[in-house]
Amino acid sequence: MNQTEQQFLKDLETKLWSAADKLRASLDASQYKHAVLGLIFIKYVSDAFTLRQDDIKKDLANPEHEYYLDPEGLSEEELAEEIAVELEQRDYYLEKNVFWLPTESRWTFLQSNAPLAIGGTTLTIEGKTKKITSVGHLIDNALEGIERDNQKLKGVLNKHYSQLQIDQAKLNELINLIATIPFNHNSLNSKDILGHIYEYFLGQFALAEGKKGGQFYTPASIVTLIVEMIEPFEGRVYDPAMGSGGFFVQSEKFIERYAGTQNIDPLTQKQKISIYGQEYNYTTWQLAAMNMAIRGLDYDFGKEPASTYTNDQHPDLRADFIMANPPFNMKEWNTGVDDNDPRWKYGTPPAGNANFAWLQHMLHHLAPDGSQALLLANGSMSSSTNNEGDIRKALIDNDLVECMVALPGLLFTNTQIPACIWFLTKNKGIRTDKAGRQLRDRSEEVLFIDARNLGYMKDRVLRDFTWDDIRKVADTFHAWKTTAAVNDNKYNDQAGFCKSASLADIQKHDYVLTPGRYVGAVDEIDDGISFEDKMAILTTKLSDQFAESAKLEAEIKKNLAGLGYEL
């Protein structure tokens with residue numbers, strides 16, 4: 001994506017969010033989120049359907065194509081009728097993985113009839129009359145049509161528009177607003193544009209919902225950092241606490257970047273990954289499924305939304321890549337969970353904190369050569385209460401911990417709890433990874449990275465990573481793992497940033513995994529000025545500042561006295 005296209009998307013997202021937010025009125029952000037994102041989804045499937053229709057028309061008119069429709073002996077009117085019939089053949093759409101849409105689910109039908117539906121109307125749909133009571137009812141009817149004709153989406157779409165407490169005229173305005181999203185722009189297609197807008201709106205709604213927003217959204221820069229570090233471009237990818245599917249979205253983007261550097265067809269490469277996820281919250285599960293559908297990604301989110309602990313939707317899965325941002329320090333997670341559950345191989349997690357339950361659940365599902373990464377609260381690196389210290393010790397002694405990354409504060413919309421990333425693997429031996437890298441033997445070694453000083457303040461309350469920050473951490477990790485140094489990518493410990501520690505080092509620190517303990521302080525550059533000279537300069541400067549302070553104090557007292565206020 002070039003700079004012009006990036007600017008186009010930035011301008012578009014700002015315009016759309018500003019307009020959509022004005023239409024929200026008094027509707028709660030958690031409800032409005034589904035209203036907006038559901039319409040974006042309809043716009044996407046309808047755009048894809050229309051673009052496929054255009055391709056079919058070209059094929060029907062192309063004498064060299066197998067679908068060519070010979071016009072000989074047909075009047076202009078008869079030819080048009082034949083083409084219209086052909087355009088309604090489902091197989092043309094299904095063969096290209098395009099969702100089939102009945103008439104009432106197509107965007108043109110929705111937009112043209114929404115003004116009529118404001119006060120209720122009767123519409124003729126494919127020869128049958130149907131009473132439509134509101135714009136919300138019209139949208140629900142469109143969603144029902146999509147689900148009815150596409151079993152993959154059964155139960156996925158949020159069909160509650162007619163229940164929204166929103167002015168129907170505003171809902172019509174929202175339809176007209178989303179209609180302004182273009183089919184394409186330069187090399188960007190409908191999937192690129194609508195996928196970007198969907199992801200941007202998820203982030204904005206997460207901000208609007210505050211603490212609750214973190215239940216369905218992880219900031220994109222954190223997700224990108226994890227994805228760039230474990231590189232999930234081929235194999236089974238799993239997220240047991242998937243929210244709206246952010247790790248899967250970034251995995252797709254990683255594949256596109258990787259394919260571009262390796263001169264590989266990205267579509268072919270995407271077919272080499274299988275996506276597995278689980279989510280407890282039903283509406284969040286719906287958001288994730290729509291998120292995948294917009295990007296044309298196949299997925300398996302289980303039969304239903306369910307608790308990862310008591311109703312594992314993928315009991316036999318052994319994944320190559322596992323990534324998650326589970327709820328931090330989750331309490332009372334173990335209701336209905338057996339203390340002797342085979343997942344708790346390294347110790348039974350305490351009822352008052354699910355951190356090591358998430359970690360061990362993921363390890364249970366990890367393939368022998370797989371990699372996993374999860375975000376946890378900083379306490380997970382040092383806590384020794386309620387068996388947590390023993391579990392961490394067992395994980396280290398069994399050589400499962402590969403890398404620990406300490407993150408800066410203010411990265412999350414929903415919590416100020418300091419966080420870290422755990423990277424684990426079952427095989428630190430010599431092998432070739434899925435990216436083709438020759439990995440060295442890293443047995444009984446752990447890489448510690450202190451990233452607390454990276455990033456920038458994107459606004460008054462939130463911090464973010466730049467692409468250079470992400471690359472610095474990811475490149476350090478990859479250089480540490482590999483056998484051969486490539487150009488200047490050879491790994492070296494950097495004081496204050498990274499340290500490759502041995503098991504003996506970790507044992508000396510009582511199995512505490514806080515990176516700051518290992519990386520040390522940044523080496524100070526000697527500026528050639530002695531301590532005595534520095535102190536003389538500083539005390540002179542301080543004396544000058546005291547004098548200026550006294551002068552200002554006297555001036556203030558004088559002004560107050562002039563107003564009749566003596567100090």
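Let's start at Arg24, which at 21% relative accessibility counts as partly exposed. The cut-off matters here: buried means under 20% relative accessible area, so Arg24 falls in the partly exposed class. Keep in mind that this is a predicted model. The side chain of Arg24 meets that of Asp21 in a salt bridge, at 3.3 Å from N to O. Asp21 is partly exposed too, at 33% relative accessibility. Both sit in helix H1 (residues 3-24), three residues apart, which puts about one helical turn between them. As a rule, an α-helix has 3.6 residues a turn, so residues three or four places apart point the same way.

Now for some other pairs. The side chains of Arg236 and Asp320 also meet in a salt bridge. Arg236 belongs to strand E3 (residues 235-239) and Asp320 to strand E5 (residues 319-324), so this pair ties together parts that are 84 residues apart in sequence. Arg236 is partly exposed at 32% relative accessibility, while Asp320 is buried at 12%. Then there's Asp341 with Arg343, another salt bridge. Asp341 is buried, with a relative accessible area of 15%, and Arg343 is buried as well, at 6%.

| Salt bridge | N to O distance |
|---|---|
| Asp21 and Arg24 | 3.3 Å |
| Arg236 and Asp320 | 3.4 Å |
| Asp341 and Arg343 | 2.8 Å |

The count of salt bridges comes to 28. Some join up: Glu199, Glu252, Lys253, Glu256, Lys270 and Arg295 are linked in a network.

What about the surface? Glu77, Glu78, Glu81 and Glu82 form a negative patch. Glu82 is found in helix H3 (residues 76-87) and is partly exposed, with a relative accessible area of 35%. There's a nonpolar patch as well, about 330 Å², made by Phe531, Met535 and Leu538. Met535 lies in helix H18 (residues 531-562), and its relative accessible area of 37% makes it partly exposed.

Stepping back, the chain has 18 helices and 14 strands. Its C-alpha trace spans about 100 × 80 × 50 Å along the principal axes. Of the 567 residues, 50% are buried. Helix H2 (residues 29-60) is mostly covered, with 24 of its 32 residues buried.

Terms used
Residues numbered from 1 in each chain as written. Predicted model: local features only at pLDDT ≥ 70, side-chain atom pairs only at ≥ 80, totals over all residues. Heavy atoms only, no water. Patch = residues over 30% accessible without salt bridge, like charges linked within 9 Å, V, L, I, M, F, W, Y side chains within 5 Å. Areas by Shrake-Rupley, 256 points an atom, 1.4 Å probe, with all protein chains shown as cover. Salt bridge = Lys/Arg side-chain N within 4 Å of Asp/Glu carboxyl O. Lys, Arg positive; Asp, Glu negative; His and termini not counted. Charge placed at Lys NZ, Arg CZ, Asp CG, Glu CD. Helix = DSSP H or I, 4+ residues; strand = E, 2+ residues; numbered from the N terminus. Buried < 20%, exposed > 50% of the residue type's maximum accessible area, 1.4 Å probe, protein only.
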